Amino acid sequence: MTVALGAFNYGFGFATFATSIGQPGFYEYFALDPTTSYTNSILGAVNALFFFGACIGALGSGPLADHIGRRWTIQIAAVVSTIGGALAAGSVHIAMLIVVRILQGAGLGALATLTPVYLAESSTASKRGMLTGLHGFFLVSGYNISSWVGFGCFYAENLTFGWRGPIAFTCIPALLLAIGCIWVPESPRYLLMRGRPDDAWRNLQRLHHDRHDPSDSAAHEEFVNMKAQIEFEREQPSGYLDILRTPSYRKRAFLSCFVQFAANNTGGLVINYYSVILYGNLGLSPSISLLMYCIYTLIGALGNLFSLLTVDKTGRRFALLTGFTGVLVALIIEIAMLAEYVPYGNIAGTKVAVFAIMFFVFFYGLFIDAASFIYSSEIYPTNIRSRGMALATFTYFVACITYVTPGAVAIASIGWRYYLLFMCLTVITIVVIYFVYPETNQKSLEELAAYFGETVIMDTDLSHDKCDHGVGGRYGEKNSVEHAERMS
């Protein structure tokens with residue numbers, strides 16, 4: 001949960017600006033007219049450069065996490081996020097706000113990348129969906145807490161505090177994460193990659209100890225297989241270019257990146273980021289628009305909570321297919337209402353349009369949010385997991401730039417037609433996931449190599465005595481090699 005604060009930081013920091021643009025003091029302080037195309041362009045620029053910073057943070061965090069460790073990189077990213085948030089809250093000019101949002105985006109982009117990596121690497125196979133799913137739950141919880149902070153600040157007598165306050169509050173969870181990481185153990189799989197098996201065993205034993213298994217025999221068995229597989233993977237290429245050049249790695253990267261891009265293809269971030277504007281277009285008052293945004297993100301957070309409790313039972317494919325089908329239905333309803341009823345002041349049509357937005361986030365939060373990050377992080381072998389997840393989150397942020405940047409202008413100019421794009425892309429997503437994506441549920445991270453035609457190193461002699469004999473040694477080498485030859 002401490003590491004999952006990284007996801008909370010990203011959600012809180014990302015969504016804060018969505019509430020700030022709903023504050024009258026924001027437009028007054030920067031002398032912006034919310035009804036002009038110039039203001040829409042400024043909002044697009046702030047969002048685009050935030051995601052540009054997130055892209056830099058994502059790509060930079062992958063190699064850094066392989067060199068200095070997952071824990072240290074998360075801690076550094078938390079400090080960068082704190083500094084960026086403080087400077088953004090103190091912005092005295094719109095240009096300053098744009099620049100420091102890049103810095104904040106870099107820190108948050110790194111956190112969004114490495115949080116699911118650490119959670120996946122530190123979990124058991126049976127609970128990996130639940131623990132990695134904390135990323136999605138904490139991320140959307142960040143959205144929700146940010147929305148309530150923004151709603152409360154709307155009533156501040158000091159209009160400047162109305163938009164500065166929410167941004168300043170982003171420093172609090174970032175500081176908590178930076179301090180909390182002091183006591184977080186390093187990922188055992190990372191330590192094995194760095195040739196430190198004794199430290200890896202101590203951390204794995206600490207993380208996977210079961211009071212019903214006082215001798216830690218299950219942890220020993222897991223460690224033996226993990227060590228054998230990672231020793232093999234250490235000799236394999238691990239750079240960004242190597243991921244693109246190696247066929248099996250390239251396939252993994254496609255599955256990981258596509259599901260992140262597909263999540264944005266639903267239009268979820270456009271609805272989330274510009275929902276306050278969207279509710280205003282539906283005729284709701286500014287305060288009610290902010291309140292509806294609070295309810296929207298609360299539904300998403302509760303959906304993620306239920307998802308992390310069930311995804312290990314239902315599987316990843318079921319969650320993704322159900323989620324994308326549900327949001328497709330919601331998009332169709334929303335488009336119909338916006339096209340035929342809302343422009344003519346039809347009250348019933350407006351209510352259905354609001355319902356469709358809530359219906360959308362219910363399916364997105366319950367089935368897509370957590371499952372997409374779980375799948376993206378667990379599909380890679382240890383030697384390329386941090387870089388592979390960096391590519392996935394980079395793809396996610398590129399999609400954010402693609403759809404969110406023109407969002408304000410598009411909603412103002414073409415309205416409901418913008419959502420036709422998301423509807424068509426979601427249909428394509430459902431087809432691709434159904435025919436291409438394998439199920440990864442209840443498999444160890446090392447066992448997933450078999451799906452991609454790679455060598456799986458598994459020790460076939462897992463006696464407890466053998467496990468006790470030199471935890472840091474090269475035990476089981478003969479059986480591992482023989483098993484690998486059979487697998488090949």
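The dialogue below discusses the cavities and aromatic contacts of a predicted model.

Reader: Which conventions apply to this model?
Author: In this predicted model, local features need pLDDT of at least 70 and side-chain atom pairs count only at pLDDT 80 or more, while totals for chains, interfaces and linings use all residues. Residues are numbered from 1 along each chain as its sequence is written, and side-chain values use heavy atoms, with hydrogens and water left out.

Reader: How many cavities of 30 Å³ or more does the structure hold?
Author: A cavity is a set of points, on a 1 Å grid over the protein atoms alone, where a 1.4 Å probe fits but cannot get out; its lining residues have an atom within 4 Å of a point. Grid points are joined across faces, edges and corners, and the volume is the space filled by probe spheres set on the points. The structure holds 2 such cavities of 30 Å³ or more.

Reader: Which residues of the lining lie nearest the centre of the largest cavity?
Author: They are Val140, Tyr143, Asn272, Tyr364 and Asp369, from a lining of 15 residues. Helix 7 (134–153), helix 15 (268–273), helix 17 (286–314) and helix 19 (347–378) each give two or more residues to this lining; helices here are DSSP runs (H or I, at least four residues) numbered from the N terminus. The lining comprises 8 nonpolar, 6 polar and 1 charged residues, where Ala, Val, Leu, Ile, Met, Phe, Trp, Tyr, Cys and Pro count as nonpolar, Asp, Glu, Lys and Arg as charged, and the others, Gly among them, as polar.

Reader: How many aromatic pairs does the count come to?
Author: Rings of Phe, Tyr and Trp (its six-membered ring) pair if their centres lie within 6.5 Å; planes under 30 degrees apart are stacked, over 60 edge-to-face and the rest tilted. By this rule the count is 37 aromatic pairs. The planes of phenylalanine 151 and tyrosine 155 stand at 85 degrees, with ring centres 5.5 Å apart, so this pair is edge-to-face. The rings of phenylalanine 254 and phenylalanine 258 have centres 5.6 Å apart and planes at 25 degrees, so they are stacked.

Reader: Is phenylalanine 151 buried or exposed?
Author: Buried means under 20% relative accessible area, exposed over 50%, and partly exposed in between (1.4 Å probe, protein chains only). Phenylalanine 151 is buried at 17%, whereas tyrosine 155 is exposed at 52%.

How values were computed. 1 Å grid on protein atoms, 1.4 Å probe; cavity = no way out; pocket = protein on both sides within 12 Å on 5 of 7 lines; lining within 4 Å.
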